[in-house]
Amino acid sequence: MINRTIPSPVSMPQELHFTKADVHTLSNGIKLLVINKGDEEVCRIDLVFHAGSRYQQVNLQANAALMLMPEGTTNNTSKQISEHFDFYGSFLNIDVDKDYATLSLSSLIKHFPNCIEMLGEIVRTPVYPDKELILWSQRGKHKLLVELEKTSTLAGRAFFGTLFGKTHPYGAMASPDDYDIIAQPQLRSFHSSRIGSNFLIIILSGKIGEHEIALVEKCFGNLTKGNDMSPIPNGIAVDASGRGKVFVEKPNAVQSAIRVGRILFPRTHPDYPAFLILNTILGGYFGSRLMRNIREDKGFTYGINSFLAPFRHSGVFAIATEVGAAYTEPTLKEIYSEMKRLRNEPIADDELLLVKSYLMGEILRNFNGAFPMANSIIKLLYYNELDYSFYDNLFKTIRTITSDRLMEMANKWLIEEEMLECVAGSRET
Amino acid sequence: MVEFHRFSLENGLKVIVHQDETTPIVTFNLLYNVGSRDEDPERTGFAHLFEHLMFGGSVNIPVYDEPLERAGGENNAFTSTDITNYYITVPRENLETAFWLESDRMLSLDFSQRSLDIQKSVVIEEFNQRYLNQPYGDAWLLLRPLAYKVHPYRWPTIGKDPKHIMDSNLQEVKDFFFSYYAPNNAILCLSGNVTIDEVKHLANKWFAPIPSREVKPKNLPKEPTQIEQRVMEVTRSVPFHSIYTAFHMCHRLHPDYHVVDLISDILSNGKSSRLYQNLVKGKELFSSIDAYITGEIDEGLLVVAGILNKDVDPYDAQGAIFEELQDLPKSLNEQELEKVKNRLESTFTFGLTNSLDKAMNLCYFELLGDANMINTEVERYRKVTIADVQRVSSRLFNVSNSSTLIYRAEKR
């Protein structure tokens, strides 16, 4: 008979092994990172532009200029372009955040030549037809109006808007009315100023050979510069973090959405690795203190977590949950009491060891396969100027951190009076 | 080609091993052949509640998650109408931890009243978060009982009424466990840098001692053929009207299953698809529209669902949907059929780059009859012809086979 009460012995890797991306340079100076990995006949190309919403003059300008690139070029209509990508079984995804605009195209290797050619065309020669812009605006406005019915959306918008201030590039948000104002000349001007070789880095991942690399050169080696000649900024002013309490009324909501947090620092900050570990203990995994307390002990919620939202020049720490309306106040009380415990009580060795192992497993998972690896390297590019020592340093910090250092982090960064608290829900419960 | 090795233990547990030497992580996927279709109509939502209870401690291990996290692992689970699926990803070195944990909860649970009470409350909050506190969140709670009158697909996995969850007791939890959680009602798949011998050794060590159990036979009532159109209207506090139309389709192993799946892709997979091009862009009736199949093992549904533009009458929108459905078999050409097959092949191939996807699929296809279907699935789609689409869609898109939910926006 085996003894089932004794855990199986475990061991953890002492070092993180992963291959760095190969670096190539296209003839116009664009940097190309290649991650050649995987057995399946698939690949993905990511075009990362320094063209996020922080560079726009009016709300929605970056978003519209990027999202409408596949809606018509000098050679092809919106319908022809979508037929082309769909026929070759490729998937185009466009994402515009505060700092970056990224176009990702996934396809089977055998169809890559056809797909990348069209990708080059929509990047170089979009024409932004008025009719497509009107339709896009209508749909965007509709979607936003539906989103604004959700307590989680209301709380999240209040949170980021108050933290940075609504006029700050990291705090600004589009309102439904902005969709009525955005116009074609603004899209054209954003495209000609920012969608150029001087703001672009390309990542190619999957089963990559010389042929695929040559195709990237062919399609993007002749891309011209954007006419915004100002250098890529290496900083952004962030005033003091917004704090206090904000309540957004949503009549009859059965649950309240809660966001508690503060502005912190970018991923390059020396405290980042240690704070990431502290965050994991508080709310960063299923067995975290917040989950154990508020879900598994009290049953107030389906889920609660805390996370670090990175920006290129800043970072936000936030706790997020949706709880039964009657549990709103008790949940907030428990959130602050968990922060206080981290400030006042050292973390037991046992719990710390568990979190260290969990985090090392997480890092391995983040590098498991060509596309997760590409995602990790893109984040390194976004937030760490592609400094690979970030991961070595993170791994080392996980192995060596002490409970004293974590308590120091809690006393430095998890101060109740410095938090912003946003709740969206109904007061009448 | 996904290569794998299969064996069974004497107690009936089926084991599949897929070797992948390129990854430092092992995926451990365990499928139980039980879902919400197996529930008592007075205890709907129970299979899913039970999934939560599987994390509340087993007979020899008081806490499930902690030892796994200590091994650098992560896990989760989901319940559908047909199955309950548990999965773990763990660094290769610590594979045995997964066997130890999963086998203990197959052996027996802790069955604690406190765990049951807490998880009831968590599941009620899940019900609130996903179904009540979201615009259009309750649509599926309404659509399923409209489309099904007899078959247990008439309630969603979360359950038809939170009261069923609140009323369940510990004895029912025990009965459910011993009726369905058995080695002879489960399929295990290991995917990663493992050897067959190693998996055999670990499976024998941890799972073989668990006795096989008397699994409750599935005597599910067959849904009678629908003979007239069903329409239901509700009004809710949402910004725009929406519409959901469901058609009964064939079961998962029927030769026409892949035809229906491709029909849903022709309608709405990708920006070049018909519903998007004609009803969102051309006629500007919808701000978004989608068509998909539920993909269930018994006879499932093909659903067309969309949110209407302001001032569009829901019945005009419904008429436009039916026009599209009737036009499809008439105007389909080879190029369009080839397009949806290409997209499907691409989606399927990308799925193979993810070891968790692979392990889940191997278990699911084994449940359907043969894990090797993972290697022949694309071919089955490739074989579909225009004539197949014409034959199947004329029966499928009959008005008398439809159930429509008109979800009206309250005037504000």
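## Helix H15 of chain A

Let's start with what packs over one helix: the cover of the buried residues of H15(A) includes helix H9 (272–284) and helix H11 (328–344) of chain A. Helices here are DSSP runs of H or I with at least four residues, strands are runs of E with at least two, and both are numbered from the N terminus. This is a predicted model, in which local features need pLDDT of at least 70 and side-chain atom pairs count only at pLDDT 80 or more, while totals for chains, interfaces and linings use all residues. Residues are numbered from 1 along each chain as its sequence is written, and chains are lettered from A and ligands numbered from 1 in the order in which they are written.

H15(A) spans residues 403–413, and its buried residues are Leu406(A), Met409(A), Ala410(A) and Trp413(A). They line one face of the helix, because seen down the axis they fall within an arc of 100°, taken from the directions from the helix axis to the C-beta atoms. Asp404(A) and Asn411(A), on the other side, are exposed. Buried means 20 or more other C-beta atoms within 10 Å of the residue's own, exposed means 12 or fewer, and partly exposed lies in between, with C-beta atoms placed from the backbone.

## Nonpolar cores

The largest nonpolar core has 194 residues, and Ile202(A), Leu278(A) and Cys363(B) touch the most other members. Such a core is a set of buried Ala, Val, Leu, Ile, Met, Phe, Trp, Tyr and Cys residues joined through C-beta atoms within 7 Å. H13(A) supplies the largest share, 8 residues. A second, separate core of 49 residues includes Ala147(B), Val280(B), Val384(B) and Leu396(B).

## Where chain A meets chain B

Across the chains, 58 residues of chain A are in contact with 54 residues of chain B; contact means C-beta atoms, placed from the backbone, within 7 Å. Among the elements giving two or more residues to chain A's side are helix H4 (130–147), strand S9 (301–310) and helix H12 (349–366) of chain A.

## The two domains of chain B

Chain B is assigned domain 1 (5–206) and domain 2 (230–409), with bounds from an automatic or database domain assignment. Their C-alpha centres lie 28 Å apart. Here 30 residues of domain 1 of chain B are in contact with 25 residues of domain 2 of chain B. On the domain 1 side, H5(B) gives the largest share, 5 residues.

Key
Contact = placed C-beta atoms within 7 Å.
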